[in-house]
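Student: I've just opened this one and I'd like to know what the labels rest on. Can we go through them one at a time?

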Amino acid sequence: PAFKNILITGAAGALGNVLRESLRPYAATLTLNDREPLGEVRENERHFVCDLADRDAVFEMMRGIEMVIHLGGAPRENTFQVILDSNIAGGYHIYEAARQAGVKRVIYASSVHAIGFYECTQTIDAAAPQRPDSLYGVSKTFVENLSRYYFDKFGIESVCMRIGSCFPKPVDRRMLATWLSYDDFSQLCIRALMTPSVGHMIVYGNSDNSASFWDNTQAAYLGYRPKDSADAYRAEVYASTPAGDPRHPAVRFQGGQFAADGHYEDP
Ligand code: NAI
């Protein structure tokens, strides 16, 4: 295998389960982390169940790790306390433990919601200023900035993947632009692991969709060549979903419903 020990956080989740299979050939040991049960320990797996908000546990988990794929955390809008503990403190613990353990690279599941307030009619690239559409999106921008800091000060490399919509297939019209197939997600992660030098990068995570909002030149540097396209589902999606009002925030903005939704107020 190319690596001795790769850590995947959020390994009990949807994307974690995809990588648990596809990264198997790339690591002598795959360390899987989640706060939920991870099922049976399979050959070449090490399981480490802990909450990412638990600093000491994250530090212990990180010993001996070479590369990190950081997927764990709240995957959508939530109360500030949940976002603070799981995404902001969790992200900090990952980077600080990575520094102390001498980790070479972190691959981070950022999100379209880091830039969700750009209009769908705009085409942006990785250099576009962040425009988060939710507290969740703000937490993604925080960890992107954290990764930048840890690269500039300590040389820890990062690839932040602003993932669009990573699901088995696109199910609404927005996903015709934002969809990322599971196979293309795996390919992007593998390219992010295998490219010898990445420095600090932000890339978009979507398949080869002609309706894309993004100029993904940066991802091409990694050798990422998406094999799937939401275009194959266009007719099906148009037949099963209404057009929507282009002035409605959920249709107007790249973040879709997250841009339209209200805000969790503290009790
Ligand atoms: P998921 O909810 O299926 O997986 C997230 C996992 O993180 C869960 O297994 C959960 O138990 C774990 N987790 C949550 N808080 C934790 C904590 N405090 N400590 C330890 N574990 C914790 O979500 P999914 O779809 O697999 O997403 C993975 C990552 O990718 C998330 O960071 C999400 O924000 C990001 N992402 C996903 C997109 C998608 O389309 N699926 C789009 C953009 C970003």
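Student: Why is Arg24 called partly exposed?

Tutor: The relative accessible area of Arg24 is 25%. Buried means under 20%, exposed over 50%, and partly exposed lies in between (1.4 Å probe, protein chains only). So, at 25%, Arg24 is partly exposed. Bear in mind that this is a predicted model, where local features need pLDDT of at least 70, side-chain atom pairs count only at pLDDT 80 or more, and totals for chains, interfaces and linings use all residues. Residues are numbered from 1 along each chain as its sequence is written, and side-chain values use heavy atoms, with hydrogens and water left out.

Student: What makes Glu45 and Arg24 a salt bridge?

Tutor: The rule asks for a side-chain nitrogen of Lys or Arg within 4 Å of a carboxyl oxygen of Asp or Glu. In Glu45 and Arg24 the closest N and O atoms are 3.3 Å apart, and the pair passes. Glu45 sits in strand E3 and Arg24 in the loop between H1 and E2, so the bridge ties together parts that are 21 residues apart in sequence. Helices (H or I, at least four residues) and strands (E, at least two) are DSSP runs, numbered from the N terminus.

Student: Is Glu45 buried or exposed?

Tutor: Its relative accessibility is 10%, so Glu45 counts as buried.

Student: Which residue does Glu21 form a salt bridge with?

Tutor: Glu21 pairs with Arg42, their closest N and O atoms being 3.0 Å apart. Glu21 belongs to helix H1 and Arg42 to the loop between strand E2 (27-34) and strand E3 (45-49), so this pair also ties together parts 21 residues apart in sequence. Glu21, at 43% relative accessibility, counts as partly exposed. Arg42 is partly exposed too, with 30%.

Student: How do you know that Lys104 and Glu157 form one?

Tutor: Their side chains meet at 3.8 Å, N to O, which falls within the 4 Å limit. Lys104 is in the loop between helix H3 (80-101) and E5, while Glu157 is in strand E6 (residues 157-163), so the bridge links parts 53 residues apart in sequence. Lys104 is partly exposed at 42%, whereas Glu157, at 8%, counts as buried.

Student: Why is Thr178 called buried?

Tutor: Its relative accessible area is 0%, so Thr178 is buried. Thr178 is placed in helix H5 (residues 175-178). Leaving aside its neighbours within four places in sequence, Thr178 is in contact (heavy atoms within 4.5 Å) with Gly164, Ser165, Gly205, Asn206, Asn209, Phe213 and Trp214.

Student: What makes the link between Thr178 and Ser165 a polar contact?

Tutor: Their side chains are joined at 2.8 Å. A polar contact is a pair of N or O atoms within 3.5 Å; within protein, one must be able to donate a hydrogen and the other to accept it, and residues adjacent in sequence count only if both atoms are side-chain atoms.

Student: Which polar side chains lie 2.6 Å from an oxygen atom of the ligand?

Tutor: An N or O atom in the side chain of Asp34 is 2.6 Å from a ligand oxygen, and a polar side-chain atom of Tyr136 is also 2.6 Å from one. Gly73 brings a backbone N or O atom to 3.3 Å from a ligand oxygen. Taken alone, the ligand exposes 830 Å², and the protein buries 88% of that.

Student: How many residues surround the ligand?

Tutor: There are 26, with Leu15, Asp34, Leu71, Tyr136 and Cys166 the closest.

Student: Which residues of helix H2 are buried?

Tutor: In H2 (residues 55-62) they are Ala57, Val58, Phe59, Met61 and Met62. They pack against strand E1 (3-9), E2, E3, strand E4 (67-70) and H3. After H2 comes Gly64, with a positive phi near 85°.

Technical notes
A residue is near a molecule or strand if one of its heavy atoms lies within 4 Å of it. Accessible areas come from the Shrake-Rupley method with a 1.4 Å probe; for residues, only the protein chains shown count as cover.
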